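Q: I am new to this structure. Please show me how to read a few of its features.

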Amino acid sequence: MTKVGIIGATGMAGSAAFKEAQTAGLNVTAIVRNAAKARKELGDSIQILERDAFSLKKEDLAGFDVVVDAFSTAPAQAYLHVDLTAHLISLFREEKSPRFIFILGAGSLHTGDDNHLVVEDIKKVPGAESFINTPINQLAELHFLQDVTNVNWVGISPASSFVAGDAAENILYGTEELLTDKNGKSETTGGTMAKAIVQEIQESSHHQERFTVANG
């Protein structure tokens with residue numbers, strides 16, 4: 001049975017991925033700072049590795065087939081997305097296992113006739129100064145990963161709006177372009193992201209690249 005560890009399993013994306021992995025019959029462990037919170041949100045009988053993500057060591061993760069990074073933090077500390085990715089990658093240079101799946105942002109996708117980055121549109125949103133650090137740093141996270149050729153990784157970006165909710169009946173898949181449904185709405189629910197993550201765990205369709213999913 002595939003062993004999966006999910007960093008940030010009590011967050012919106014992480015909890016959805018954890019539950020979907022359970023439903024799919026995977027051997028899933030919540031990697032969290034607060035075990036009591038995880039049991040309250042995900043169930044008393046779940047497997048837990050209680051660690052701060054930045055204190056994780058190679059021996060903590062070496063037994064997993066796949067590690068999902070669903071870490072999230074406040075915009076003021078958004079640089080931690082890059083720092084954690086660098087930390088995890090550093091532990092497994094020249095290793096094929098575990099496979100890392102990083103949940104990235106939509107800001108690094110391209111859109112429009114001029115194929116500009118979505119982060120440029122986000123900067124123009126009223127009040128963007130309060131959250132813009134997150135898409136900027138998740139773009140930097142992708143740039144870091146794109147230079148990594150000796151670790152088994154894949155990235156997944158949501159659409160413009162990434163919100164809690166069940167999986168869509170129709171899921172759209174892409175690579176570098178921002179996805180929208182037939183009505184022009186660009187949204188990915190936690191359930192849709194979770195479905196895509198579990199499918200990627202089971203099928204390993206991507207290697208050392210980023211793809212994107214959206215509600216259809």
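The dialogue below takes up a helix pair, the cores, a strand residue and some backbone angles.

A: This is a predicted model, in which local features need pLDDT of at least 70, side-chain atom pairs count only at pLDDT 80 or more, and totals for chains, interfaces and linings use all residues. Residues are numbered from 1 along each chain as its sequence is written, and side-chain values use heavy atoms, with hydrogens and water left out.

Q: At what angle do helix α4 and helix α6 pack?
A: Helices (H or I, at least four residues) and strands (E, at least two) are DSSP runs, numbered from the N terminus. Axes are lines fitted to C-alpha atoms, for helices over the stretch in contact, and angles run from 0 to 180 degrees between N-to-C directions. Here α4 (residues 79-91) and α6 (residues 133-146) pack at about 20 degrees, their axes 7 Å apart. So α4 is roughly parallel to α6 (angles under 35 degrees count as roughly parallel).

Q: Which residues of α4 and α6 make the contact?
A: Contact means heavy atoms within 4.5 Å. On α4 the residues are Tyr-79, His-81, Val-82, Thr-85, Ala-86 and Ile-89, and on α6 they are Thr-134, Asn-137, Gln-138, Ala-140, Glu-141, Phe-144 and Leu-145.

Q: Which residues touch the most other members of the largest nonpolar core?
A: A nonpolar core is a set of buried Ala, Val, Leu, Ile, Met, Phe, Trp, Tyr and Cys residues joined through side-chain atoms within 4.5 Å. Buried means under 20% relative accessible area, exposed over 50%, partly exposed in between (1.4 Å probe, protein chains only). The largest core has 31 residues, and Val-4, Ile-6, Phe-18, Val-68, Ile-101, Ile-197 and Ile-201 touch the most other members. Helix α7 (residues 190-203) gives the most to this core, with 6 residues. A second, separate core has 23 residues, including Leu-145.

Q: Is Thr-29 buried or exposed?
A: Thr-29, in strand β2 (residues 27-32), counts as buried because its relative accessibility is 9%. Leaving out residues up to four places away in sequence, Thr-29 touches Val-4, Gly-5, Ile-6, Phe-18, Gln-47, Ile-48, Leu-49 and Phe-64.

Q: Where is the peptide bond cis?
A: Most residues other than glycine have a negative phi, and most peptide bonds are trans. The bond from Ser-97 to Pro-98 is cis, with omega near 5 degrees; Pro-98 is in strand β5 (residues 95-103).

Q: What is phi of Ser-204?
A: Phi of Ser-204 is near 50 degrees, a positive value in a residue other than glycine. Ser-204 lies in the loop between α7 and β12 (210-215), and is partly exposed at 44% relative accessible area.

Conventions:
Parallel < 35°, antiparallel > 145°, perpendicular 65-115°, else oblique.
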